[in-house]
Each structure stands twice: as structure tokens, then as C-alpha cells.
Amino acid sequence: MTAIEERPANPAAAAENRPIGFGRLQRKEDPRFIRGKGHYLDDVVLPGMLHGAMLRSPYAHAKLISIDTSAALAHPGVHAVITGKDLEGLNLAWAPTLSADVMAILATDKVRFQGQEVAFVVADDRYSARDALELIDVEYEALPPVINARKALDADAPVIRTDLEGRTDNHIFDWEAGDAAETDAVFARADVVVTEDIVYPRVHPAPMETCGAVADYDPIDGKLTLWETTQAPHAHRTLYAIVAGIPEHKIRVISPDIGGGFGNKVGIYPGYVCAVVGSIVTGKPVKWVEDRSENLMSTSFARDYLMHGEVAATNDGKILAVRTTVLADHGAFNATAQPTKYPAGFFHIFTGSYDLEAAHCKVTGVYTNKAPGGVAYACSFRVTEAVYLVERMVDVLALKLGIDPAEIRLKNFIKPEQFPYQNKTGWEYDSGEYERAMRMAMDMAGYDELRREQAEKRERGELMGIGVTFFTETVGAGPRKHMDIVGLGMADGAELRVHPTGKAVVRLSVQSQGQGHETTFAQIVSEEIGIPPEDIEVVHGDTDNTPFGLGTYGSRSTPVSGGAVAMVTRKVRDKARLIAAAMLETRPEDLEWEKGRFFVKGDPSQGKTIAEIAMGAHGTVTLPEGVDGNLDAEVTYDPPNLTFPFGAYICVVDIDPGTGVVKVRRFIAVDDCGTRINEMIIEGQVHGGLTDGVGMALMEIIDFDEDGNCLGGSFMDYLIPTAMEVPDWETGHTVTPSPHHPIGAKGIGESATVGSPSAVVNAVVDALQPYGVVHIDMPCTPSRVWEAMQGRHVPTAGV
Amino acid sequence: MKITMTVNGDSVTSEAEPRVLLVHFLRDVLGLTGTHWGCDTSNCGLCAVLMDGVPVKSCTVLAAMASGHEIRTVEGLATGGTLDPVQQGFMEEHGLQCGFCTPGMMLTARALLDKNPDPDEDTIREAISGQICRCTGYATIVRSIKWAAAHPAGSSQAETPAETPAEETAEVPA
Amino acid sequence: MQIPAAFEYARAESLDHALQLLAEHGEEARVIAGGHSLLPMMKLRLANPEWLIDINDLADLDYITEEGDTLRIGALTRHVSLLESDAVAGLFPLVRDAEKTIADPLVRNRGTIGGSLCQADPAEDLSTVCHVLRTELVIRGPNGERTVPMRELHRGPYETSVEQNEILTEIRWPIRPRSSSAYTKVERRVGDWATTAAGACLTMGDAGQIEDVVIGLTAVGLDGGTATRAEDAIRGQQPGEELYAEAGRLAAEDCNPVGDQRGTEAYKRHLADELTQRVLRKAVERVNSTAAARS
């Protein structure tokens with residue numbers, strides 16, 4: 001790793017020869033995981049627990065004629081079979097989505113996608129529950145499905161949402177950003193305009209642990225305890241209260257260790273609700289865990305954006321404007337998780353990292369007979385689609401003008417002195433030094449040498465490609481006045497208690513799915529107050545024991561909860577100053593802070609450590625007026641703006657001209673996430689995201705046949721990279737702190753997923769220059785690459 | 001039917017249906033929940049355990065078929081309060097994030113190192129190619145296994161702090 | 001997690017015992033060895049046998065033995081043994097070529113050659129290998145042993161001529177001098193089934209000509225498993241690029257690929273051509289390098 005700027009070494013850490021605060025630190029969560037002692041959802045076992053299994057629709061679109069559950073109910077192990085009709089009686093057959101739509105919990109009138117939930121069996125054990133599914137007899141009447149989103153708005157398209165009164169088409173929303181007239185004017189006077197149709201196909205987060213829940217309803221005190229694979233336990237609690245009518249104080253949501261989320265575990269799935277109903281009906285705890293096919297076929301997908309991109313530029317490569325229209329395939333229910341005001345998430349950032357004169361986008365959302373969900377898979381609310389669009393389009397322009405892709409980016413970057421930068425869709429980029437990151441990536445790659453090698457290989461008929469991408473991310477939602485999810489403002493609480501002996505507990509609303517929160521947040525507290533990370537307990541994932549907050553997605557843990565933790569620690573430190581002053585019989589302003597200790601200015605021997613102050617606070621020290629006898633604090637942090645991490649990626653591929661097989665030879669990633677808390681964890685986040693990007697670029701897709709059968713419903717068909725498809729990642733970083741974040745951190749969780757797909761596809765297209773290829777839609781499977789070499793395009797899902 | 005096998009050195013016997021998958025026998029019958037599962041089609045390798053020292057996918061082995069054989073799970077990696085070097089390596093080199101694929105990865109790594117104490121990078125990548133990790137991008141897993149190869153058991157670096165609890169062996173339900 | 005429907009289980013103690021169990025339980029009994037094809041089908045409830053006869057204890061069906069001009073492989077031999085056997089790699093290098101690409105190391109630790117062949121999946125690699133090696137298969141039944149040539153083993157996709165009361169016991173590969181072989185496969189990702197794969201085994205004559213050749217293709221609907229027109233066109237000819245191109249062209253013409261998620265029909269046909277050329281080139285190189293090493 002190469003660094004341009006490093007934080008100064010922590011003096012306390014150096015003096016004590018151990019890590020305090022920021023820096024590489026082994027994870028506090030690892031000792032349990034490496035011993036097989038993690039506690040995941042399926043490890044939850046309660047006395048008398050029953051097991052649920054879900055019957056799902058084999059059709060993409062069909063009328064539900066009848067359901068006969070009698071044979072299943074006669075199965076000796078079965079306790080209950082729940083259908084949509086049963087839920088109608090409880091007013092639970094339909095539930096609000098995260099996007100102001102409604103979705104079926106169990107189908108009542110029609111099924112609208114293959115894999116939709118139809119009936120729920122509760123049985124003694126998981127084997128009996130599965131067996132009983134075979135005994136349920138459902139009669140369907142098949143209806144023509146809408147699979148190709150481009151045909152969803154045709155006059156003769158079957159109407160999918162007949163449940164919505166007055167609905168006569170499959171249109172969900174139109175949304176625009178930027179100035180259309182201004183953009184058109186710039187396009188009209190541009191030297192050159194390039195256009196391209198770019199599909200970002202439907203993909204799936206596919207965390208290694210599938211989704212599940214264990215519901216335990218206590219009929220005596222009316223309390224529901226619900227273990228769930230959720231990235232957002234507090235939001236879930238509130239939603240259950242609204243949907244199920246259980247008072248919110250009688251709902252406790254526990255999110256145990258999570259085996260990966262990537263956005264897949266944000267929403268509430270019908271299986272969770274059915275587990276709750278199952279527990280209420282049977283009076284026993286009910287566990288439901290989906291299998292892999294259920295996960296891939298029915299839970300939140302990602303992307304499915306059909307984009308038309310246009311770039312206007314001068315002949316010498318100055319980009320003037322970007323314009324795009326998007327058809328967004330939202331599936332059967334509009335269930336995407338994103339801030340209410342933004343039906344296309346933060347797609348605004350399709351303006352990229354470039355100083356434009358104008359920009360405009362229009363996104364149209366439509367229903368199709370596919371699984372609902374969306375905005376999942378490490379995408380920062382549609383930033384992945386936006387970055388992919390602009391970074392592909394910049395390469396299309398570079399190709400047209402014969403300018404090197406790195407050079408054209410360098411020429412158009414927003415300059416450091418332009419920050420904070422107001423982009424043309426109304427967003428304020430907080431900070432950036434783009435050229436520095438780009439140059440570092442080029443140095444690490446040996447860019448000029450790679451181009452020389454490529455030229456030599458082309459002479460010999462070998463296909464080598466160099467893909468360049470520069471992305472600007474936008475993460476850390478809120479601020480709460482602009483951003484909410486179903487009315488809940490996107491701010492996060494944090495609570496810190498320093499115990500009498502100087503050990504601490506910090507409570508968070510966000511939930512880790514592998515990001516190492518127990519370590520990172522302890523390090524933030526440690527950095528601010530000097531208590532070693534190992535003396536700080538991080539509590540999360542239990543709504544009865546943590547303050548309210550919106551959860552972990554959109555890379556918001558560090559930008560929002562990280563801010564909350566820094567602020568709450570500072571609040572505790574401010575209080576500690578008052579108590580220390582009382583203990584030292586001096587004025588608070590006469591004290592100076594150094595890591596872990598207040599001392600009297602000019603007399604360092606007169607001081608109190610945080611542990612001494614904590615004991616004083618809880619002891620018999622006479623406290624100043626208005627100071628309580630503890631060393632605790634609470635805050636809710638409302639971020640003033642989003643943060644804007646960025647990075648420069650270079651991918652090198654080799655393609656076998658005879659087979660079209662793409663091999664990723666090298667991948668260089670320079671990331672800037674502002675202040676770095678734990679470089680080991682940051683590097684891990686980047687590696688994972690890069691692998692996601694290679695997966696999406698080369699192999700991952702949830703495709704459908706014309707009848708709406710899902711063609712990616714198992715890991716035999718939904719391919720995820722193994723260790724054989726990815727190189728040893730080459731990472732570097734620059735540090736451009738966020739000016740508005742308490743510790744200058746910007747977040748890193750999704751940067752690499754956002755940035756890497758275009759780097760890979762740009763490399764593939766670059767390799768195929770001898771064949772005149774301008775664009776290939778993902779995934780660049782051998783077949784699709786070879787077809788592109790023949791000048792042919794292979795559609796996905798009829799697109 | 002009656003199923004008897006050796007799990008992490010202890011002989012265990014239990015009644016189970018013939019169709020019970022080994023992964024469910026370990027998790028649900030023996031309570032050894034360190035072995036995870038992630039698919040239904042033998043593609044993800046999360047459920048890897050060692051059967052007679054050889055890594056196999058326990059979702060595609062019936063418990064009945066494992067009867068009479070020796071099974072080693074993640075709970076049996078540490079011995080006598082000492083972590084296996086592979087476990088230590090995964091902590092040192094950040095070979096895990098969510099931890100869900102980790103037990104299977106570590107067991108495959110152990111089997112690999114038993115066969116080939118000093119594998120090169122390609123050999124390591126090939127050995128774990130039947131197992132999917134969605135978090136790490138594999139590079140740190142490769143480094144973790146290399147760390148373990150460089151710190152074999154008995155060398156001082158592989159020793160773990162005294163607070164490491166001894167791994168209990170499975171309780172056998174009556 | 002998906003789980004199979006209920007069944008009864010019996011563990012065979014010997015081959016005769018296994019045959020007896022099959023006879024006893026009739027049509028609804030299936031033999032299970034590695035289980036990596038059968039169990040996933042059972043979890044999807046596409047296969048619902050009432051009895052599983054586990055033959056994993058029949059260690060005497062797990063062997064690789066050279067005997068005269070035949071290499072005999074026990075049906076219970078695991079993929080990993082075939083992959084790691086230097087004897088096999090020396091005689092039939094295409095076996096190692098193929099085994100490296102079959103599923104993944106953990107599956108290869110359990111899966112067996114007998115199971116692979118009896119699954120009769122059109123995209124299965126060892127079936128092509130066996131076609132190319134002009135394999136003879138030994139099948140045991142209640143009335144004793146019979147042998148069938150590879151081309152008679154598969155009656156169609158997922159259908160074999162091994163009767164319900166029979167067990168495939170041995171795979172026999174004839175050893176021929178001045179011969180070598182190669183196999184190559186295109187897949188979307190490591191561990192995937194073949195998009196298309198090709199294998200070839202050839203014998204060189206004294207005059208440097210291709211004296212005999214068999215070409216096989218995987219997953220492209222080749223009748224009988226071998227590309228006979230391509231073989232006929234190059235048999236007796238001097239090897240060279242033009243000849244390989246001709247063989248590739250004919251092989252591509254004779255296959256009947258179906259477009260799917262793995263690739264378009266045109267792409268698979270192209271691969272039939274391209275990969276046929278590659279395996280011929282490689283096999284000739286191998287014969288020549290072996291001959292050079294001996295001289």
C-alpha cells in the first residue's frame with residue numbers, strides 16, 4: 001500500500017506500544033468466528049421451537065383460483081398452514097413497502113412473480129415443514145406475464161397491479177434531475193455527441209447466509225421477540241408496530257451475527273411476517289430460514305436499469321454535458337429501500353467526477369412480473385448504476401475522439417479548489433483531490449508501460465485490455481430533513497457509558513454484517529477518549545438495548561453512526577473535563593487534554609485519567625452544579641450532508657481470441673474514503689467490493705425466460721467469483737477528509753462495488769478495439785464477448 | 001436409524017432419519033453450529049468438514065453415509081486451548097469478515113497444509129475454489145493460509161494467549 | 001435448506017450384497033456412491049427413490065490398475081484419484097486435463113467415475129473422455145458380468161443401459177502405443193458445467209501420419225458422442241494446421257448445440273470448431289514430445 005498522507009502516529013499508542021484509536025488492529029469479533037462460535041440466525045434455538053416453510057408460485061403471473069391445505073394439515077408434524085385468506089382476516093395479507101407501495105405477504109388474488117409467497121407451513125421440524133409443502137394443492141390460472149421492461153408500458157401490456165384501484169398500466173413513477181432545457185442547449189452547440197444504450201442487468205446480493213427469522217410471541221405479556229437477519233433492526237421494529245399493530249414497546253428485534261448482507265437484509269420479507277403470525281397462532285416460537293433458491297428468486301435484487309446515455313463534448317475532449325433516460329424495472333411491487341424523496345435513489349451522481357456545464361436525467365419506473373426489491377447489493381442507492389453509466393460513456397467518448405481514457409478523465413476532473421462543488425443535479429460534493437488519486441493509480445499500474453505492452457500484443461493478434469475508471473460515490477444518508485425511509489429520518493443515535501473502572505460500553509443502532517463494527521467503533525471511541533479498544537464493549541443489533549437509528553446500508557455506518565460515536569464520546573469528554581476540574585479544584589478551562597487524561601495547564605503532573613474521572617463521577621466527588629454522577633452521554637447525529645468518497649481503478653484483462661474467455665490479470669484500486677480508522681478493515685471492504693464488481697462484469701445475472709421463469713435461481717446458474725477468477729488486488733489510497741464529518745471519515749463499504757464494474761467492462765471493450773467493439777452489456781461471459789467480436793449483441797430478458 | 005461416527009475425536013451415536021444430511025446432523029443433532037450452509041446444490045462449500053481428513057461438502061453427504069467415519073469440524077480445529085495456525089492466520093491477515101464461510105475455508109486450508117505444508121498461491125486458490133466467500137475477495141484468505149504455512153503448529157508464533165478457552169467436545173443427546 | 005423426501009437406506013457390504021439389495025427393493029432403489037449428482041436431484045425432489053443402496057464401503061471397486069494393454073479403473077474411483085494419478089496422466093493426459101475442470105476440489109473428493117458416467121448428463125466431461133478413449137465398461141448384474149462399449153452406455157440424456165438391477169463396476173481404457181490425448185473446456189466460471197468441451201485421442205503412424213483418431217465433444221449434442229466425419233477426414237493424413245481446421249469445421253457442422261445461458265448456438269458451434277483444433281494440436285504435440293523424450 002502506498003500512502004500520500006498518513007495520519008500522525010498516535011503518541012499514546014506509540015508510548016504504550018499498543019494500538020489506541022485509529023490504525024491497523026485485529027478485529028474484536030474474530031476470536032468467536034474462527035472458533036465456530038458466531039451466533040447466526042439459524043443457530044438460534046428456543047425451547048419448543050417450530051419450523052416454517054414457504055410455498056411459492058411456479059408462475060410469473062397467474063390468477064389464484066383455490067388453495068387446498070387439508071392434506072398438509074393432516075400431516076402429523078404440521079401445526080398450522082397459513083394462506084393469504086388467513087392473513088386477510090388479520091389485515092396482514094398486504095403490507096406497505098419501503099417505497100410507499102404495498103406488497104403481498106401471501107398472495108390473495110394473483111401471483112405476480114415466480115417464487116412469490118403463497119402459503120406458509122408451521123411444523124415440528126424443518127423436514128416435516130418441507131414435506132408438507134408438497135401436500136398443498138394450489139390451482140392457478142396462468143396469465144400472460146410482462147417480462148421485458150421495454151414492453152411494460154405498451155398499450156396492450158397486461159396490467160400487473162390490478163390490486164391498486166384505478167390502475168390501468170404498469171407505470172410507477174417519472175423522476176427527473178438537472179435542467180433539461182439547459183442541457184439540450186449545450187448538446188445543440190457541442191462539437192461531438194456520443195450515445196449508447198447501456199443495460200445494467202438484474203443482479204443479486206446473494207449473501208452467503210440466506211435470510212431468516214425466529215419469532216417468539218409471548219401471549220401473556222404480549223411481547224414479540226424477533227430474531228432476524230436484518231441490517232436495520234430499529235426501522236424493522238417501527239414497521240412491525242405500524243403493520244402488525246403490536247405496540248412498539250412490545251417488540252424487540254434482535255439481529256444476531258449476520259452472514260453478509262450487501263443490502264439484501266434491509267427489507268422486511270413475507271417469511272418474517274409469516275414467522276410472527278405462525279408464533280402468534282401456535283403460541284410457540286417459529287423459525288423460518290429460506291433456502292438459496294428462495295433467496296435468489298424472491299428477495300431484493302439489484303440494478304435492472306435500462307439506460308440510454310448521451311455525452312456532449314468539444315473536439316479536444318472537454319466534456320460539456322451528460323444526458324440520460326432510464327427505464328427502471330422494479331418488479332411486481334415497488335419495494336426498493338431508499339429515501340422517500342428519491343425514487344431513483346442518488347442516481348443524480350451520474351454527473352460523475354467531471355466539471356460539467358449541464359446535466360439532465362429522467363428515470364421511469366415500471367412494474368414487471370419479476371421479484372420486487374431493488375437497491376440492494378452494495379450500491380449506495382443507485383450510485384452503482386450512475387457511475388457505470390457515466391464511466392462507460394466517457395470511454396465511448398474517448399474512443400470516438402481517439403483520446404486515451406486516462407487522459408480524457410484527467411482533462412475533465414473537478415479541481416481541488418472547486419470543492420465544495422455544486423454539481424448540475426443539485427448536490428454538493430464535500431471534498432476531493434481527483435487528479436492525485438488518478439495519478440497514483442496510473443503509477444501503481446505502470447500505465448504507460450501497459451499501453452506499450454498492449455500495442456505489442458495487438459501486433460501479434462493478442463487481446464489485452466486496460467480499463468480505467470474514476471468514480472465519485474455519495475453515501476451517509478441523511479441529512480434527516482431531506483432523507484427518510486417511510487417517514488423515519490435518517491439520523492443515528494449513539495450512547496456511551498464509561499463504567500467506574502474506566503471501561504466503557506458504546507451502544508449503536510447500526511448492525512454489522514461483517515464490516516467489523518465491534519472493532520471500528522471501539523477505535524473511534526478510543527481515539528476520542530483514550531480508552532483502549534479492548535476495554536470498550538460495542539453493543540448493537542438489539543432494539544431493547546440500543547438507541548434508535550436507521551441501520552447499516554448505503555455505506556452509512558461510518559459516515560452517520562461513526563459521526564454519532566465521535567460526538568457522543570466528545571460529549572463524555574466535555575463532561576469529564578468538568579468533573580476533572582472539580583477533582584483537581586481548578587477551572588475547566590485551565591485543563592488540557594491529551595489522549596486519555598486531563599491535566600492542569602503548565603503542570604502536567606497534576607492530572608486525572610479517564611478511569612480516575614469515571615470513578616470520581618460515580619464516587620463521592622462533589623460534582624459541579626448541573627453535572628450528574630456518571631460519565632455517560634447520548635446523542636443523535638444528523639449528518640449535515642452526504643459524504644463523497646472517490647477512487648481511481650485500473651483493470652488489466654487478457655482475452656482469448658478463440659474463445660472470448662476473459663481473464664482479469666491485474667486490478668489496481670486507489671480509494672479515498674477520507675480519514676482512515678482501521679486500514680486492515682478498509683482494505684478488506686475494498687477487496688470484497690472489487691470481487692463483486694468482477695462478478696457483475698463477468699458472470700452474475702438474474703435473467704428470465706419469456707414465461708418469467710427465473711434463470712438464476714441457484715448457485716449453479718447464479719455465478720459468483722471464486723478465488724480462481726480474481727487477481728491479488730493492488731490497493732492504494734489517498735486521504736482527503738470530509739470537511740463536515742466529525743472525524744473526516746467518508747465511508748468505504750460500497751466504493752469498490754460502485755467503481756469496479758465499469759473498470760472491468762472498459763478493459764474488455766478496450767481489448768476488443770481490433771474488432772471495433774464500442775460497448776458490451778454485462779455480464780461479459782465468453783459467449784457474449786465472442787458474439788460482440790462478431791458484431792452481434794446478445795440480449796438479456798428480451799432486452 | 002442409528003448413526004455412530006467420530007466427531008472431533010469423540011464417538012457420538014444418535015438416532016436419525018436416513019435422509020438427514022450430515023450438516024443437519026452436526027448442527028441440529030449435535031449442536032455444532034460452527035458448520036454453516038449456504039446453498040442446496042453443492043456449489044458454495046460453506047458446509048465443508050473433514051471426513052477422514054478429506055474436505056467434503058456436508059450438505060451432500062448423508063449422516064448415514066458418514067456413519068463409521070471420522071468427522072472434524074471447526075469446533076475441533078483448536079486443540080488443548082491452542083488455536084490451529086490456520087485460525088491464527090485468519091485473524092492475523094483479516095481472512096474473514098462476516099465469518100460465515102470461514103469454518104469451511106479453514107478446514108480446507110488445514111487439509112491442504114496437512115498434504116502440502118508450503119503451498120504456492122495458485123495451489124491455495126485452487127484448493128479453495130469450491131468455496132465461495134462474498135466478503136473478502138479471497139486475497140486475505142490466501143494470505144491467511146500462507147501465514148499458517150509459515151507458522152506451523154509448535155512454532156512459537158502459533159501459540160495463543162492463555163485466555164483461549166479449550167474447545168469442548170460435542171454433547172451427545174440420549 | 002432443501003432436503004430430500006424420506007427414503008430407506010442400506011449399506012452394501014459387498015458387490016454381491018449390493019446387487020442383492022437392488023434385486024430385493026426393485027424399481028425404487030438407487031445406488032449411491034459420491035452422491036454429488038443424485039443428492040442434489042433428490043433435494044429438488046426431481047429424484048425420489050424409496051431405497052438408497054450405499055456402495056461407498058466397496059473398497060474393492062476403487063482401483064487404478066494397468067494390466068497388459070488395458071488400464072482398469074474401478075467404478076468407485078474418486079475424481080481426485082484420477083486427477084492425481086501419474087499412471088493415468090502418463091497414459092491418458094486428457095483425463096487430468098478433464099478432471100482439473102470437473103466441479104471443484106471438494107466435489108472431486110467424493111464424486112466417482114462410475115457415478116459420473118451413470119448420471120449420463122450431456123454436459124459431463126468424463127463421458128466424452130470415455131468416448132474418446134474407446135472405453136469398455138463392465139456391468140455386473142444378477143446373471144453375472146457383461147461388457148459394453150461406451151457408445152452403448154448412454155441411451156439418452158440421464159438414461160443408461162445399466163439396468164435397475166445392475167451396477168457399473170469397471171471402466172477399461174485400451175492402451176495404445178504412440179498415442180496421446182488432450183481435453184479442453186470452456187466454462188463461464190471454474191466449477192461450471194461445460195459450455196462446450198472437446199477431447200481427442202490419437203495414434204501416430206511410423207510415417208508421422210495420424211494413424212488413428214477419436215474426437216469427442218461435450219454439451220453440444222453430438223450424435224454418438226464422437227465426431228466421426230472429422231475423424232475420417234484426418235485419419236491417415238499428416239498433421240498440420242490445415243488439417244486441424246478441416247477437422248474443426250466438420251466437427252462443428254456435425255454437432256447440434258442449443259443456445260442457453262452458457263452461450264448462443266453460434267458460439268457453441270464455434271467452440272466445437274475451435275476446441276477440436278486445440279485438442280488435436282495438443283495431442284499431436286504430446287505424442288511428439290513423448291517420442292522425442294524416448295529417442
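Helices (H or I, at least four residues) and strands (E, at least two) are DSSP runs, numbered from the N terminus. The model is predicted: local features need pLDDT of at least 70, side-chain atom pairs count only at pLDDT 80 or more, and totals for chains, interfaces and linings use all residues. Residues are numbered from 1 along each chain as its sequence is written, chains are lettered from A and ligands numbered from 1 in the order in which they are written, and side-chain values use heavy atoms, with hydrogens and water left out.

**View 1. Partners of strand 2 in chain A.** Two strands pair if DSSP finds at least two bridges between them. Strand 2 (residues 62-68) pairs with strand 6 (residues 110-111) in the antiparallel sense over two bridges. Its pairing with strand 8 is also antiparallel, over six bridges. A:Ala62 has A:Val111 as its bridge partner in strand 6 and stands opposite A:Ala142 in strand 8.

**View 2. Open four-stranded sheet of chain A.** The strand order is 25-24-23-29, with mixed pairing. Strand 25 (536-539) and strand 29 (632-637) are the edge strands, each pairing on one side only. Neighbouring strands are turned by 15° against each other on average, direction ignored; axes are lines fitted to C-alpha atoms. Strand 24 (residues 504-508) and strand 25 pair in the parallel sense over four bridges. A:Arg507 has A:Val539 in strand 25 as its bridge partner.

**View 3. Backbone exceptions in loops of chain A.** Most residues other than glycine have a negative phi, and most peptide bonds are trans. A:Phe262, not a glycine, has a positive phi of about 60°; A:Phe262 is in the loop between strand 13 (251-254) and helix 8 (270-282). A cis peptide bond with omega about -5° joins A:Phe419 and A:Pro420, and A:Pro420 sits in the loop between helix 11 (405-412) and strand 18 (421-422). The bond from A:Met778 to A:Pro779 is cis, with omega near -10°.

Notes:
Axes are lines fitted to C-alpha atoms, for helices over the stretch in contact, and angles run from 0 to 180 degrees between N-to-C directions.
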